[in-house]
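Hello,

Here is the structure I promised to pass on. Please open it first, then read my notes below.

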Amino acid sequence: MPLTLLSGPANAGKVALLLERYLAALAREPVLIVPNRSDVDRVERELLATAGCLLGGRIGTFDDLFERVARADAVGGRPVVTDAQRALIVRGVISKARLNGWTRSARFAGFADALASALGELESGLVEPGELESDLGGLYGAYRAELDRLELWDRDLERRASAERLAGELGAWDGRPVFAYGFEDLTGAQWALLQALAGRSDVTVSLAYEPGRPAFASLARTASDLSELARPRIEELPPRPEVRPPALAHVERALFSQAASPAPAIEGAIRFFEGAGRRSTLELVAEELLALIRNGTAPEEIALVCPRIERYRAPLETALGSFGVPYAVEGWIRSDQTSFGRALLALLRFAWQGGDRGDLYGFLRSPYSGLARASVDWIEGRLRGRAVETGERTEEETIRLRDGHPLPPLDLVRTALSPLAAVRDLTRFMLRAAYGLDAPPVDEESLEDLRAYEAFSRLVDELEGWIALGGSLTADEIVAALERTTCPGIHGGAAAAGRVDVVDLLRARTRRYETVFLLGLEEGTLPRRGETSPFLDDDARRELDERLRHSRLARPDSVERDRYLFYTACTRATSRLYLVREAANDEGGPREPSPFWDEVRGLFADDDVRRATIRRPLSALTWPVEQAPTERERLRALAGLAPVNEEAARAVAQANGWERRLARALRAFDRSTRLTHPLVLEQLAAKTNFGVTELETFADCSSIWFVDRLIGPRTIDQQVDPRLRGQVAHSALHKFFAGVPKRLGVEKLEPEQLDEALEFLSECLVEALEGVRLELTDLQRRELEQGLLRDLEQFVRDEAASELQLVPRRFEVSFGSERSPQELQRGLDLGGFTLSGKIDRIDLDPFSARGIVQDYKSGKTAHSAAQIESELKLQIPLYMLVLRDLVGVEPLGGIYRALSGKRDARGLLRAEAKEDGVPGFSRNDYLDEEAFWGQVDRAQELARGFVERIRAGDVQHDPKGGDCPPWCELWRMCRVRRA
């Protein structure tokens, strides 16, 4: 019984004719083969709509047919391994094999996946290990030998066994007619099955094909082979342009071919969308989707066709979700892309793989931990504030902060009878913790959790089956298997009523929709770049096909294949087709259009194409008010209109009841920086003590002072930053200079004590590091210690070589606070307020009450006398008054000492002490008496002015120099005018 071939172009009625013949043969219990599992339900609905009821027949995929033939009354059939079990077998083969040149590549997880894919292709091509001459043949033979040892088949071997059984056993098929459609690239096993069926029963196959047309070039081999098998029962159906609008019919007939007739007018049947950036482009699509749905188009009659679903899943969720467009993505996602999977894997990594704080709290923060989120956040904040990172310390400190209460999920994993039992128990615990036992979960997010739970449960069953076969599993292998597990996503599954269907090019080719959006028409996205196997390149495939004839491993040219898929996607629309491309990337760089984009535009008149093109530039942050698709977008558009045409914006706001919202938006463009709250002003007016560094911050920018000092935001994660480095350096120098007299027996360092001094400095630095409350890693500690030791050793060498005869006597001198010495607690009185602060070091003359102030700077900058005044530095000038009026020492000056870089020493010094007391500094830093004390007086006046402004709440955006400093990290909270 020869095969019957129905061929013709798209929309010629091939599938309709095939389904009609299937219905006519129901009395003979026919079999209908469809491309994908999701097509089964869809085709059943279509047939029921036509026939009313189906009292016979069977609809399934090729795999369903393979399984039925292999299992029906078969003797010698084997169990089929699951995907997880097959992956373990492949990894076991790799671990035992001699890999020669592949040894380095085999260390990566993708190696096993690529090998498994190649082995599957060889089995589907009916290739035997002995027919391969490369190293791949050895791996293939070892894999097959392992399956034979376990007395198992994989899915591809089952297909081979089915084809062989059908070809060799008379009782393998009962004569039922077979109908198939939607197949272009038949594997060796599929072709062998069709050949065998064609000799046993009536077989009808539908194939989209027209000889000589470039759009069908990738199908030439399949069409030739099927025609040879079907001859003379070949039915070539003519095109039916009348079933589509003229523009769509013209695309079907002329795409990639020479047009036989003049181009008709587009008349709205085709539109071209160009956007800048993926999100902007998808928002343009979402706006049109919303308009179509509001105008009566059923969402399930709309399709978004993507070259690759995974690259569009996240941006589609953002764009369609923000516009409220219901959609369904037909495809699967990895378990670690689900909330349930991420939480499960995080805890298992912590328990089994030495995970850190991020892993444990990635689980504890989730709703599946059974712990209150507020409590978890509080504990994690404490740990992050101390930089607790390691798993052991994280668990120890977490239990301590929970008053000794253990973590039930962690105990559940550790006390389980086996790792697989731990996974099963933990997934059940997570579902109960998230949803309880009283009410079933019903929303979409809970549906995703249930799908993930079912996927993990199936995987555990499969892995338990592997152990029953005598296999072994490590915790790492279980985690790897869990990571590879897939499940339908939150928008997974075939299109349902009320949802836009999101499909890839391959699934779209057998569907029909009223409206189709074809995305990704940029160069490099479509046509797609060809993917080759590292084990089976194109040359090896062709060589095997020529030698074996039956393998069918050679793939069609990737561009020809995408040309055909693009053609089929364009012909899926019955009413309207949208072609969508990104004209620029998210950074504004231009992107070239796909040649397929140009092909379609070239089929119509330029003026017609220009009218059918809609562009959205990167600068279009909002829609025009009249075009905004949602209320949120209309409000954003209104706010954008206000600076341009405030009168029109107010009129629109009044017409829609948005006056208060617009008023708030307008005020946002002119924020008042002055503090106005009575309680805040009352507290500031009553303040009598101000820190010197606080006033310096106010001098830098009063907005920085407001955010940093009044609001006081802090990062939750403590890090080894310049501030910590400076604290450790100050502490080490304090310990060093305070201990020099006792350790070295001298008050001032000289070159001859340098070696012993450096040894003592190292001890002081280690002691200072021990006082750091952060839990530093070994690398962080060594990096901090070695960097500081290098800088501080050079600082001490400079100190020993200094001409300065003054002796370091007082360190970390605090004034103006309760912790200050009693005589310094009152602070520096400037009339109406006092100043507080801390002087790093005071050097005194051994023979008189004279001295200087030294202030350490952990960076590379030390300010000169001129810079102290121009940059409004207050510390050194005001410390002169502290030295004179509080400490009782005549000030000779003050210097900044940079601890890194060139370690400059610059500051404000009295010229009269240049030869007697403080020699050796830059000559520009020595000022005569009038200039010296004049600069001190001006610093007092600056301080009084800053205090007056603070008490009045006079906060402005007034950075020194007019521009925000590059080091400021507070711009996100700063009250700056925003354009």
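A pair of helices comes first. α4 and α6 are oblique to each other. This is a predicted model, and every value here is computed from it. α4 covers residues 83-96 and α6 covers residues 135-150. Their axes lie 10 Å apart, at an angle of about 125°. The crossing of α4 past α6 is right-handed.

Which residues make the contact? On the α4 side they are Arg86, Ile89, Val90 and Val93. α6 supplies Leu139, Ala142, Tyr143, Glu146, Leu147 and Leu150. Sorted by class, eight residues in the contact of α4 with α6 are nonpolar and two are charged. None is polar.

Now a second pair. Helix α13 spans residues 339-352, and helix α20 spans residues 475-484. Their axes come within 11 Å and cross at roughly 165°. That makes the two helices, α13 and α20, roughly antiparallel, because the cut-off for that label is over 145 degrees. Here the crossing is left-handed.

From α13, the residues involved are Leu345, Leu348, Arg349 and Trp352. They meet Ala475, Ile478, Val479, Leu482 and Glu483 of α20. The contact of α13 with α20 holds seven nonpolar residues and two charged ones, with no polar residue.

Next, the cores. The largest nonpolar core has 75 residues. Within this core, Leu122 and Leu426 touch the most other members. Which helix gives the most to this core? Helix α13 does, with eight residues.

Look at Leu426 in particular. Leaving aside residues up to four places away in sequence, Leu426 touches Leu344, Leu347, Leu348, Phe363, Pro409, Leu412 and Val413. One of these, Leu348, also takes part in the meeting of α13 with α20. As background, nonpolar side chains in soluble globular proteins tend to be buried together.

Where does Thr61 lie? It sits in the loop between β3 (58-60) and α3 (62-71). Is Thr61 buried or exposed? Thr61 counts as buried, because its relative accessibility is 8% and the cut-off for buried is under 20%. Thr61 touches Ile33, Val34, Pro35, Asn36 and Arg37, again not counting residues up to four places away in sequence.

Best wishes

Conventions. Residues numbered from 1 in each chain as written. Predicted model: local features only at pLDDT ≥ 70, side-chain atom pairs only at ≥ 80, totals over all residues. Heavy atoms only, no water. Core = buried A, V, L, I, M, F, W, Y, C linked by side-chain atoms within 4.5 Å. Buried < 20%, exposed > 50% of the residue type's maximum accessible area, 1.4 Å probe, protein only. Helix = DSSP H or I, 4+ residues; strand = E, 2+ residues; numbered from the N terminus. Contact = heavy atoms within 4.5 Å. Axes fitted to C-alpha atoms, helices over the stretch in contact; angles between N-to-C directions. Parallel < 35°, antiparallel > 145°, perpendicular 65-115°, else oblique. Left-handed = near helix turned anticlockwise from the far one by under 90°. Nonpolar A, V, L, I, M, F, W, Y, C, P; charged D, E, K, R; others polar.
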